[in-house]
Amino acid sequence: MDDGQLMRGDKLVLRGLKFHGYHGVKPEERTLGQKFLIDVDAWLDLRRAGVSDNLSDTVSYTDIYRIVKEVVEGEPQNLLESVAHQIAVATFDKFPQISDVRVKVGKPHVAVQGQLDYLGVEIFRTRKSDGQI
C-alpha cells in the first residue's frame with residue numbers, strides 16, 4: 001500500500017492511549033516505571049461495516065486497546081521500538097483483516113534538558129501476501 005492509498009484508505013484510529021509501564025534501559029525506568037502515550041492506526045476495509053452497521057463486520061476499537069494495554073503494561077522492554085513492534089505483531093496476529101498498522105509510542109517524562117511534550121518512535125508495518133510482516 002503506497003502513501004497515497006494510505007491517506008485514502010479506511011482505518012481505525014486510536015489516539016492518546018495512556019498506560020504505566022516499565023520499559024527503558026535505565027534502572028529507575030525498570031523499577032519506578034513511567035507513563036507511555038500510544039497512538040495506533042489500523043487499515044482495513046470498513047465498507048461492509050458501514051453498510052451493515054454490525055460490529056461483527058469490523059474490528060472493535062476495544063480489542064486493539066486491549067492489545068496495547070497488554071503490551072505496554074506487560075513484560076518490560078529496553079527499547080520503545082520493541083514495544084511498538086510487539087503491538088503491531090499482536091494486532092496482525094489477532095486480526096487477519098488488518099492490512100497495515102502504524103504505532104506511535106511516546107515517553108513524556110524523559111531525562112533531557114529542555115521542554116518537550118514527549119520523545120518516542122513511530123513504526124509502520126504492512127502485512128505481506130503470505131501473512132508475515
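Here is a walk through the charged pairs, with some background on the fold.

Reply: Bear in mind that this is a predicted model, where local features need pLDDT of at least 70 and side-chain atom pairs count only at pLDDT 80 or more, while totals for chains, interfaces and linings use all residues. Residues are numbered from 1 along each chain as its sequence is written, and side-chain values use heavy atoms, with hydrogens and water left out.

Now the charges. There are 18 positive and 20 negative side chains, and the centres of the two sets lie 2 Å apart. Here Lys and Arg count as positive and Asp and Glu as negative, leaving out His and the chain ends, and each charge is placed at NZ of Lys, CZ of Arg, CG of Asp or CD of Glu. Calling a salt bridge a side-chain nitrogen of Lys or Arg within 4 Å of a carboxyl oxygen of Asp or Glu, the tally is 10.

The pair I'd zoom in on is Asp-41 with Arg-15, whose closest N and O atoms are 2.8 Å apart. It ties together distant parts of the chain: Asp-41 sits in strand 2 (residues 34-43) and Arg-15 in strand 1 (residues 11-21), 26 residues apart. Asp-41 is buried at 4% relative accessibility, whereas Arg-15 is partly exposed at 45%.

Two other pairs are worth a look. Arg-47 and Asp-45 come together at 2.5 Å, N to O; Arg-47 is exposed, with 61% relative accessible area, and Asp-45 is partly exposed at 42%. Then there's Asp-63 with Arg-66, at 2.6 Å between the closest N and O atoms. Both of these lie in helix 4 (residues 61-72), three residues apart, or about one turn of the helix. Arg-66 is partly exposed, at 45% relative accessibility.

Definitions and conventions
Helices (H or I, at least four residues) and strands (E, at least two) are DSSP runs, numbered from the N terminus. Buried means under 20% relative accessible area, exposed over 50%, partly exposed in between (1.4 Å probe, protein chains only).
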